[in-house]
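Hi there,

Here is the structure I promised to pass on. Have a look at it first, and then read my notes below.

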Amino acid sequence: MSRRVAVFAREPRIGHVKTRLAADIGEAKALDCYTKTLEIAIQAASNQALELWYEGNPASSWIERRLHLKEQPAGSLGNRMLSAFCDGVDIVIGSDIPLITNSYVDRAAELLTFVDVVLGPTEDGGYCLIGMRRALPELFEGVTWSSTQVLGATLRNAKRQNLRVELLAPLWDIDDATGYDRWISMQNENSAQCAQSA
């Protein structure tokens, strides 16, 4: 049985995405990075019942590809994710994780058969994936979003509610020039390896 997976996205236009990164590398490069990592997230969720929950206006390419689109409600990240879970979504993932894969998302979907909550941690103290068997508003209480305490606060909330939690392998996201340079280096290494094996 496939799970409903919501990829959280923003309208891909100059000045609207990756503003922190854009301050370091420029708006054009930041937009290019965003569109590529968003595509990675879409592909990672493609084995499941993929939904693109967007902020802003939907891109024409999303409409042309007939992606299942839903507009995110207003409010904090926690409120927006909770709205998705209350709508029946099983898993929410972000759109700036270069190493997220089908197997990563599929593993989260499998684990929800056995546990209440699945989290995909990121190296900066947050998470790139969260799955729930049912909507759990208490999981988001008191969480300071976009901080290094997001994962820890979420786990403490889960413990207080005696929820069964499973953690996936940690990944990393692209928030600033350091993450961007890491991504570019990874791409260059992959290109070099392909050239050597050709």
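Please keep in mind that this is a predicted model. I'll start with helix α6: the face turned away from its buried side carries the exposed residues Lys159 and Arg160. On the buried side, α6, which spans residues 150-160, has Val150, Leu151, Ala153, Thr154, Asn157 and Ala158. These six lie on the same side of α6 because they cover an arc of only 165° around the axis. As a reminder, an α-helix has 3.6 residues a turn, so residues three or four places apart point the same way. The cover over the buried residues of α6 includes the strands β5 (117-121), β6 (127-132) and β7 (165-167). Just after the helix, asparagine 162 has a positive phi of about 55°.

Next comes helix α5, residues 102-111, where Tyr104, Val105, Asp106, Ala108, Ala109 and Leu111 are buried. Their packing partners are β1 (4-10), α2 (27-44), β4 (91-93), β5, β6 and β7.

Asparagine 47 sits in the loop between α2 and β2 (49-55), and its side chain makes a polar contact of 2.8 Å with the side chain of aspartate 106. The two are 59 residues apart in sequence, yet their C-alpha atoms are 7.3 Å apart in space. Leaving aside residues up to four places away in sequence, asparagine 47 touches Ser2, Asn102 and Asp106. Asparagine 47 counts as partly exposed because its relative accessibility is 46%, between the cut-offs of 20% for buried and 50% for exposed.

Happy browsing!

Notes: Residues are numbered from 1 along each chain as its sequence is written. This is a predicted model: local features need pLDDT of at least 70, side-chain atom pairs count only at pLDDT 80 or more; totals for chains, interfaces and linings use all residues. Side-chain values use heavy atoms; hydrogens and water are left out. Buried means under 20% relative accessible area, exposed over 50%, partly exposed in between (1.4 Å probe, protein chains only). Helices (H or I, at least four residues) and strands (E, at least two) are DSSP runs, numbered from the N terminus. The arc is that of the directions from the helix axis to the C-beta atoms. Contact means heavy atoms within 4.5 Å. A polar contact is a pair of N or O atoms within 3.5 Å; within protein, one must be able to donate a hydrogen and the other to accept it, and residues adjacent in sequence count only if both atoms are side-chain atoms.
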